[in-house]
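Look through the structure shown here.

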Amino acid sequence: MENEEVVVIDAKDMNYRELNEKIHEVLNKNPRVKKIILKNVLGQRYIGNGIRKKDLTIEIYGVPGGDLGMFMSGPTIIVYGNTEHAPGNTMDDGKIIIHGSGGDVTGHSMRGGKIFVRDDVGYRSGIHMKEYKDKFPVLVIGGRAKDFLGEYMAGGMILVLNIDREGRDLGKIRGRMIGTGIHGGSIYIRGEVDEYQLGVAADIKEFTEEDREKIKGYIEEFCNYFNLNERVKEKLINSKYTKIAPVSKRPFGKLYTPDLR
Amino acid sequence: MIPSAVPPKFKVEIDREKCMLCGRCVEECSWGVYRKERDRIVIYSNRCGACQRCVVMCPRNAITVRENTTCWRSHPLWTAEVREDIINQSKTGRVLLSATGNAMDYPIYFDRIVLDACQVTNPPIDPLREPMELRTYIGKKPKKLEFEFVEEEVDGKKIKKAKLKTKIAPNLKLETPIMIAHMSYGALSLNAHLAMAKAVKECGTYMGSGEGGLHRALYPYADHIITQVASGRFGVDVDYLNRGAAIEIKIGQGAKPGIGGHLPGEKVTAEVSMTRMIPEGTDAISPAPHHDIYSIEDLAQLVRSLKEATRWKKPVFVKIAAVHNVAAIANGIATSDADAVVIDGFRGGTGAAPKVFRDHVGIPLEMAIAAVDERLREEGVRNEISIIASGGIRSSADVFKAIALGADAVYIGTAALIALGCRVCGRCYTGQCAWGIATQKPELVERLDVEEGARRVANLIKAWTLELKELLGAAGINAIESLRGNRDRLRGVGLNEVELKALGIKHAGF
């Protein structure tokens with residue numbers, strides 16, 4: 001594995017520490033490596049954790065464990081399978097592309113980079129995502145999200161496309177408590193969302209052509225990764241979206257009274 | 001209209017004979033108590049919180065601040081404070097916000113515990129002539145040490161040399177068991193942070209970053225800073241984690257167990273926004289739980305994730321508030337690969353907490369330390385995890401007692417701030433701190449001299465360290481290791497049987 005651009009690791013029966021140590025060994029010994037392929041992954045946690053190399057792709061075959069790509073800053077992870085709890089947790093930069101579903105808290109506290117999930121995500125996804133200057137986290141969900149999507153969201157973008165694998169419409173979303181405590185960023189959901197589905201501090205805003213321009217590139221990227229045809233792409237771009245954004249930057253500004261006079 | 005004004009808490013008086021109308025008080029008071037009107041200083045006593053800035057700075061010592069004696073009809077149940085709070089809340093409909101630590105009259109067990117000293121049978125040790133070992137290692141200790149014997153040739157002779165086989169987990173090396181607690185940049189000013197960072201570096205100990213990221217001005221001291229990861233994950237990236245000496249996961253805080261924190265938007269200045277990595281002017285909200293931790297297994301996942309991010313080179317601490325089941329929780333933490341558990345007692349300080357939490361939630365630190373130490377010993381995992389005690393440590397005696405009850409080291413917070421000038425006026429959350437400590441206003445922050453502040457905090461740590469040595473010597477002990485969990489050197493005074501049992505100590509006389 002000294003000088004190759006592609007390194008394959010068979011993760012069968014490997015403990016997570018052993019697997020991650022192997023990945024770091026490859027990175028240390030072989031600065032030329034461009035792609036690491038992990039085969040037979042079964043629940044190993046923390047893959048890609050804290051890795052900074054920008055021109056690196058990690059391909060995962062199987063189901064990686066929790067905190068996939070946590071603190072990651074640069075690489076692209078492509079998962080051929082579902083992911084567990086908190087993929088992209090506190091991620092800084094890079095991409096995670098999931099050919100399957102993401103577990104609960106997908107994109108927890110994400111600060112930058114992009115996550116594309118072909119199917120669904122669990123509860124509290126995109127919770128407390130935040131942006132700062134050029135760091136703008138984006139979570140694109142092909143299917144649907146469970147409740148508390150974008151809770152405490154402080155920045156970035158969540159896009160829910162609401163389609164199945166073939167690009168067919170899934171109908172009105174059912175998630176509730178969307179954007180509870182949101183105080184930054186925006187959530188775009190394809191189709192109608194009722195007021196009662198929103199959490200405290202979230203508000204439905206007008207979806208403008210400007211918004212459409214903002215999400216267009218991410219839709220194209222999504223269709224590209226998951227091989228969706230032009231017809232589906234056009235449909236997604238031209239659909240009606242519900243934009244959910246904060247009522248205010250200071251949701252708790254009026255909660256307290258000083259113990260003074 | 002129902003008038004909601006209540007009498008001012010304090011009465012400010014200027015001795016007009018002494019006053020030379022220099023206007024220093026007007027300048028120094030960031031609360032607007034004084035206004036200069038032609039040849040007179042006008043006083044608004046209702047704005048005064050008794051922070052003493054004006055009293056100390058007045059060149060003529062002309063200012064007196066005293067408790068206002070306008071009396072309320074006295075009543076044992078309906079105290080003035082209770083009545084004031086009701087008036088305030090019936091007017092605003094809001095949650096009462098407060099600062100500093102628990103202000104209720106609960107027993108302070110530290111003050112009901114006395115220390116032992118040697119007489120005749122076992123001579124005391126004089127620290128002036130014999131070394132006293134205060135060095136403390138925070139982190140996992142191996143259950144046993146294994147060696148392998150390697151044969152080496154030295155000067156033509158074959159010698160068997162012992163080599164350590166056991167892998168030692170990374171530990172923090174403290175020259176004194178006193179560290180400075182996590183107080184964030186944002187809640188505190190940069191000058192306050194810098195002063196404390198300089199002091200801990202000088203003293204060979206550590207300070208916590210708090211949940212606010214690490215300002216670049218603190219990078220030179222990062223090897224003496226424990227970085228914090230709390231539920232808001234502010235300022236957390238892989239560089240931040242690797243920069244510090246250790247990482248602390250904040251689950252709870254003694255001043256407000258069970259709730260998160262809100263740094264109000266007005267305190268999120270350009271610099272604070274940069275360190276926290278959030279836009280300027282937005283509320284920085286730390287949710288009550290970490291939303292990726294809903295169980296002890298999830299906590300273990302985060303502990304290990306942080307270790308992975310730092311290639312298992314940094315110790316990871318977990319801070320919890322002292323609550324009823326603290327022993328069981330700490331035991332769970334001990335099984336999570338964490339290296340230390342921080343127990344924050346109910347007297348722990350805060351820059352802002354709902355008063356109802358500050359005053360009513362959590363348990364006394366003294367009992368929490370004893371319970372945790374006891375349980376970890378019973379479970380045979382005490383070596384797996386160090387105990388750091390914090391929340392209301394006021395003196396070297398408190399440090400000594402905390403260690404004898406079972407802690408490895410302590411964090412001090414309010415005490416370090418008092419060294420920087422804080423007078424505990426309890427209005428940190430207003431951002432108006434006249435001493436330049438709990439504020440982001442540049443004109444106030446610059447009042448705090450970093451070098452002088454550093455010297456004072458270092459002095460405090462050094463003075464307590466000296467006293468600890470003296471106390472150890474008097475007890476006939478020459479290493480802090482031998483004091484840890486050594487409750488036989490403590491006796492209770494005026495405590496009942498249940499209290500003594502909870503503390504695991506005997507009453508004086510036995």
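**Cysteines and a helix in chain B**

B:C58 sits in the loop that links α2 (53-57) to β4 (63-67) of chain B. Helices (H or I, at least four residues) and strands (E, at least two) are DSSP runs, numbered from the N terminus. This is a predicted model: local features need pLDDT of at least 70, side-chain atom pairs count only at pLDDT 80 or more, and totals for chains, interfaces and linings use all residues. Residues are numbered from 1 along each chain as its sequence is written, while chains are lettered from A and ligands numbered from 1 in the order in which they are written.

B:C58 is buried, because 20 other C-beta atoms lie within 10 Å. The cut-offs are 20 or more for buried, 12 or fewer for exposed, and partly exposed in between, with C-beta atoms placed from the backbone. Leaving out residues up to four places away in sequence, B:C58 touches B:R24, B:C25 and B:I63. Contact means C-beta atoms, placed from the backbone, within 7 Å.

An unreviewed UniProt entry annotates B:C19, B:C22, B:C25 and B:C58 as "binding site". These residues are spread over 40 residues of sequence, yet they cluster in space, with a largest C-alpha distance of 10.4 Å. Such annotations may be inferred rather than shown by experiment; positions follow the numbering used here, and feature names are shortened.

B:C19 lies in the loop between β1 (10-14) and α1 (24-28) of chain B. B:C19 has 16 C-beta neighbours inside 10 Å, so it counts as partly exposed. Beyond its neighbours within four places in sequence, B:C19 is in contact with B:I14, B:I41, B:R60 and B:A62.

After α3(B) comes B:G93, with a positive phi near 70 degrees.

How values were computed: Contact = placed C-beta atoms within 7 Å.
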